[in-house]
Amino acid sequence: MRLSGKEYEILRLLVERGEMYGLELVKSSNGGLKRGTIYVTLLRMAEKGYVASRTEDAEAGKQGPPRRLFSPTELGERVFRAQSLMDQVLAGATP
């Protein structure tokens, strides 16, 4: 099982930085993720069991609906770390 480039980048950000919302992932990716595909990709990853989500707690005085926050699942972290290790080995680097 291999992660797509977008899936890998999303898991990398979530593993390194913790819980994030979709547009925060886009901004943090330095152009690697796009607004038009982030939520489709996150939905697909949730269906695979790689990410979980929850609705942000509503803040008093804040306008708009609460954001959906995403975090890596245990499976998502394991798949991310396995692919990272495999990529290092294939590149000739020592883990």
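Helices here are DSSP runs of H or I at least four residues long, and strands are runs of E of at least two, both numbered from the N terminus. On that basis the protein has 4 helices and 3 strands. Please keep in mind that this is a predicted model.

Going along the sequence, the order of elements is α-β-α-α-β-β-α. So much for the layout; now the overall dimensions. The C-alpha trace spans about 55 × 25 × 20 Å along the principal axes of the protein. There are 95 residues, and 33% of them are buried. The exposed surface comes to about 6100 Å², with 53% of that supplied by carbon and sulfur atoms. As for contacts between residues at least 6 apart in sequence, 53% of them join residues at least 24 apart.

The rest of my time goes to one helix pair. Helix 1 covers residues 5-17 and helix 4 covers residues 74-90. Their axes lie 10 Å apart, and the two pack at an angle of about 110 degrees. Helix 1 is therefore roughly perpendicular to helix 4, since the range for that label is 65 to 115 degrees. The crossing of the two is left-handed.

Which residues meet there? From helix 1, they are Tyr-8, Leu-11, Arg-12 and Val-15. On the helix 4 side, the partners are Gly-76, Glu-77, Phe-80, Arg-81, Gln-83, Ser-84 and Asp-87.

How values were computed
Residues numbered from 1 in each chain as written. Predicted model: local features only at pLDDT ≥ 70, side-chain atom pairs only at ≥ 80, totals over all residues. Heavy atoms only, no water. Axes fitted to C-alpha atoms, helices over the stretch in contact; angles between N-to-C directions. Parallel < 35°, antiparallel > 145°, perpendicular 65-115°, else oblique. Left-handed = near helix turned anticlockwise from the far one by under 90°. Contact = heavy atoms within 4.5 Å. Buried < 20%, exposed > 50% of the residue type's maximum accessible area, 1.4 Å probe, protein only. Areas by Shrake-Rupley, 256 points an atom, 1.4 Å probe, with all protein chains shown as cover.
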